[in-house]
Amino acid sequence: MQLAIFDLDNTLIGGDSDHAWGEFLVTRECVDGDRFRSENDRFYRDYQRGDLDIFAYLAFALEPLAQLSRGQLQNLQREFMHEVISDIWLPHAETLIQRHRDAGHHIMIITATNRFVVEPIATRLGVDTLLATEPEEVDGEFTGRVAGHPCFQEGKVVRLQQWLDQYPRYAEGEKWFYSDSINDLPLLMQVEHPVAVDPDAQLRDEAQARGWRVISLRGGQEDFASALRW
């Protein structure tokens, strides 16, 4: 049983849904605009450098989920998908996923972004399994805290292993992992088929040094054709 694993942000979509969600909340005046935008941008720069304090970030990023009602959140979620995610959609990503699906592979997204933000995206992509950072809920309401292990850096390895413990038939099969980010180096090093997708500069250097494939889901059809050759 083979497993095709995909990072989401800047891999399957042409932007970062976590940062974009924060910016979206600012434009909708759901948060303190100047303060929230400044912190959102600061944390995103930390992420890009590979030195994000994930627990400090989640304390910041999950707070709005606890402050807004379920009805407000659901309306915002729909608007976010329509107005923001649709603009950064990558048709080549859907084609690549379908290529793996046609080969009989189990399709998984593994992402540091919280489930509330990414679940509609994963549903639209039709993946089999979503592993995401889980916002804590009590009595059906978000608390603003994280539940379990954040799905970030080495945490992705931990969360994947927990899933494999539940579904051991996939443990011995070959695994692909597609990512753009140096933050995903721990999991890329664990799989048989690591693939750098439109990688950041640090990951591009690592991929070239290790002889990993480097592909793009943002170029023309000729550039994309290499992504379908395994």
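**The largest pocket**

The largest pocket holds about 150 Å³ of space, where a pocket is an open set of points on a 1 Å grid over the protein atoms alone that a 1.4 Å probe fits, with protein on both sides within 12 Å along at least five of seven lines, and a volume is the space filled by probe spheres set on the points. This is a predicted model, in which local features need pLDDT of at least 70 and side-chain atom pairs count only at pLDDT 80 or more, while totals for chains, interfaces and linings use all residues. Residues are numbered from 1 along each chain as its sequence is written, and side-chain values use heavy atoms, without hydrogens and water.

Select Val157, Leu160, Gln161, Leu164, Ala171, Lys175, Leu187, Gln190, Val191 and Glu192, which line this pocket (lining residues have an atom within 4 Å of a point). Helix α8, residues 154–166, gives the most to the lining, with 4 residues (helices are DSSP runs of H or I, at least four residues, numbered from the N terminus).

**Helices α2 and α3**

Next select residues 33–49 and 54–61, helices α2 and α3, whose axes come within 11 Å and cross at roughly 150 degrees (axes are lines fitted to C-alpha atoms over the stretch in contact, with angles from 0 to 180 degrees between N-to-C directions). That makes α2 roughly antiparallel to α3, a term for angles over 145 degrees. Show Arg35, Phe36, Glu39, Asn40 and Phe43 in α2, which meet Ala56, Tyr57 and Phe60 in α3, contact meaning heavy atoms within 4.5 Å.

Definitions and conventions
Helix = DSSP H or I, 4+ residues; strand = E, 2+ residues; numbered from the N terminus. Parallel < 35°, antiparallel > 145°, perpendicular 65-115°, else oblique.
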